[in-house]
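Please read the following account alongside the sequence and the 3D structure. The text takes up one interface and then another.

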Amino acid sequence: MPHFIIEYSANLESQVDMTALCRAVLKAALATGVFEIGAVRVRAIKCEHYAIADDKPENAFIDASVRGAKRRTPEQKKAVGEAVMAAMASLVEPLFKDQNFALSVEVRDIDPDLSWRRNSLHERLREPAA
Amino acid sequence: MPHFIIEYSANLESQVDMTALCRAVLKAALATGVFEIGAVRVRAIKCEHYAIADDKPENAFIDASVRGAKRRTPEQKKAVGEAVMAAMASLVEPLFKDQNFALSVEVRDIDPDLSWRRNSLHERLREPAA
Amino acid sequence: MPHFIIEYSANLESQVDMTALCRAVLKAALATGVFEIGAVRVRAIKCEHYAIADDKPENAFIDASVRGAKRRTPEQKKAVGEAVMAAMASLVEPLFKDQNFALSVEVRDIDPDLSWRRNSLHERLREPAA
């Protein structure tokens, strides 16, 4: 935890640098101070097929789902959602002007009793290199 | 909101027009009267790797997750789920006959306190063109 | 039900046989005795774009979400999560040693009142061939 899963319509592939978008979300998530660096996993999934609103070919979306530990406070969860939203909006601002674009973020809980993890990134990132 | 996320095994790519499937789901969702047109985002994600049931190579699945506002009534949510299921089943009916195929739909809530959105489609679609 | 959805960073494509991973998860899920064979659908989704932890290019993740019927007992859900985790860890054990890799599993419920399914695999797999 946490996981940031960005889905986007494939028609954005040539307009948005999706790796840069992932990096912006990573940076924004870490800046909230809520997460340990080794725990943050941001990824983007291209949706080749889609039908959006009035189905104009230029209609497009980016939608991010954030899954994180239930134990966070509502304030922390809101801070994360807002930070991710702001980071993405800043990077794709020009897409809004043609009125064909929708951006969204959802945060939801991971139940600690029903999740398992093994993370070797922590071993490296919790200890400074010798 | 709402989001319709269809996942499918890649062996269906040559048998089902996935864009047509997205369009059928969009049309069915709008026909329920539950949603504003500018809010509906349907997409399909191809799963290149899979292992289904007895792992016969021709085994296949289509699974749709619908995420929408918590404030809808149970009746509205059921109407949407049933409409999506019926629209998809109608389009892929021939796939059932060889007994290698499973179709499914799940509807779940988005918490309004933990979701954010900015949608320029509404600006265009709420106002008739001059 | 149940659905096993594995997401992974694309840099693992050349290091892990993702179809073998799906098969290992399928086998582990069935071995728990919790599920009917015709109901199990495991798939893996490649994430082409990602930003993980300190964003080193070799950082990688595999994350599995399991969605299954709410009616299962907590013990059954835990048994499934642990089995999936163990099956995946066993197959990707070498990835942990370079401290760039995180593996995770989450189990969550499907609400029976808001899910629909039609499964022709059961017709074949519940009856022995003549």
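**Two interfaces of chain A**

Between them, chain B and chain A bury about 3000 Å², 53% of it on carbon and sulfur atoms; buried area is the accessible area (1.4 Å probe) that two parts lose on being put together, summed over both. This is a predicted model, in which local features need pLDDT of at least 70, side-chain atom pairs count only at pLDDT 80 or more, and totals for chains, interfaces and linings use all residues. Residues are numbered from 1 along each chain as its sequence is written, chains are lettered from A and ligands numbered from 1 in the order in which they are written, and side-chain values use heavy atoms, with hydrogens and water left out.

On the side of chain B, 35 residues are in contact (heavy atoms within 4.5 Å) with 35 residues of chain A. The rule finds eight salt bridges across this interface, a salt bridge being a side-chain nitrogen of Lys or Arg within 4 Å of a carboxyl oxygen of Asp or Glu. One of them links Arg124(B) to Asp54(A), with the closest N and O atoms 2.8 Å apart. The side of chain B that touches chain A draws at least two residues from each of β1 (3–9), α1 (18–31), β2 (41–47), β5 (101–110), β6 (115–119) and α3 (120–125) of chain B. Helices (H or I, at least four residues) and strands (E, at least two) are DSSP runs, numbered from the N terminus. With six residues, α1(B) gives the most to this side.

Strands also pair across the boundary, which requires that DSSP finds at least two bridges between them. Strand β5 (residues 101–110) of chain A is joined to β6(B) by five bridges, and the two run antiparallel. Within this pairing, Leu103(A) stands opposite Arg118(B).

Now turn to chain C. Here 35 residues of chain C are in contact with 34 residues of chain A. Chain C and chain A bury about 3000 Å² between them, and 52% of that is on carbon and sulfur atoms. His49(C), Ala53(C) and Gln99(C) supply 23% of the area that chain C buries against chain A, more than any other three residues.

How many salt bridges does the rule find across the interface of chain C and chain A? The count is eight. Among them is the one between Arg124(A) and Asp54(C), where the closest N and O atoms are 2.8 Å apart. Strand β2 (residues 41–47) of chain A and β3(C) run antiparallel and are joined by four bridges. The bridge partner of Val42(A) in β3(C) is Ala51(C).
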